[in-house]
Amino acid sequence: ILALQQNDLALAEAQFRHFLTLEVSDKNYAYFFLGQIAEESERNTEALAYYAQVRAGERYIVAQMRSARLLAVQGRLDEARRLLADAKVSSEEERIRLAIAEAGLIREAGQTQAAFDLLDALLTRQPDQTDLLYETALLAEKLERMDLLESRLRKLIELRPESAQAYNALGYSFADRN
């Protein structure tokens, strides 16, 4: 990890590969970081293979999101979406993180309305979920639905008055529209 932090990718990769040869019960971190190194080195097929080996732990969800992004960049959006939909989640928070990641991939593919619809359906079931309020507000702006942008950011501020991010987004939307 220190080698990785110092951007010595060759040493980090060698050490993580060596770690995989040891008799340890949890190799998830090694697989995740090897995936990250392969991704940074533009060895995407290898990165996908390493990320697929991350089976549990705090890096699992991130590995799924990174894999999905790599698939989407390769033009495999449907496969990326299936990967996120099939991911094993241990909490509703993780499910929402994956849905937001999926919406991001859909938006980047030029399907803003579909991204909005995906998150809006989740928001209908959880109307006070602050991350969904924020993300759907931003998508509403891209769809030129300023009424939704404003109402969702105001609701977010009502639920989380300390949310500087919500105030900032609302303020900029007002400034942009005079």
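User: Let us begin with burial: are Phe 16 and Phe 33 buried or exposed?

Analyst: In this predicted model, both Phe 16 and Phe 33 are buried. For Phe 33 the relative accessible area is 8%, and that counts as buried because the cut-off is under 20%.

User: How is a pair of aromatic rings described?

Analyst: One gives the distance of the centres together with the angle of the planes. Here, the rings of Phe 16 and Phe 33 have centres 5.4 Å apart and planes at 20°, so this pair is stacked, given that planes under 30 degrees apart count as stacked.

User: Which parts does the pair of Phe 16 and Phe 33 tie together?

Analyst: Phe 16 belongs to helix α2 (residues 9-21) and Phe 33 to helix α3 (residues 28-40), so the contact ties together parts that are 17 residues apart in sequence.

User: How are the rings of Tyr 29 and Phe 33 arranged?

Analyst: Their centres are 6.1 Å apart with the planes at 20°, so Tyr 29 and Phe 33 are also a stacked pair. These two residues are four apart in helix α3, a separation of about one helical turn.

User: How many aromatic pairs does a search of the whole structure find, and which residues form the aromatic cluster?

Analyst: The search finds four aromatic pairs, and one aromatic cluster is formed by Phe 16, Tyr 29, Phe 32, Phe 33 and Tyr 51.

Technical notes
Residues numbered from 1 in each chain as written. Predicted model: local features only at pLDDT ≥ 70, side-chain atom pairs only at ≥ 80, totals over all residues. Heavy atoms only, no water. Phe/Tyr/Trp six-rings, centres within 6.5 Å; stacked < 30°, edge-to-face > 60°. Buried < 20%, exposed > 50% of the residue type's maximum accessible area, 1.4 Å probe, protein only.
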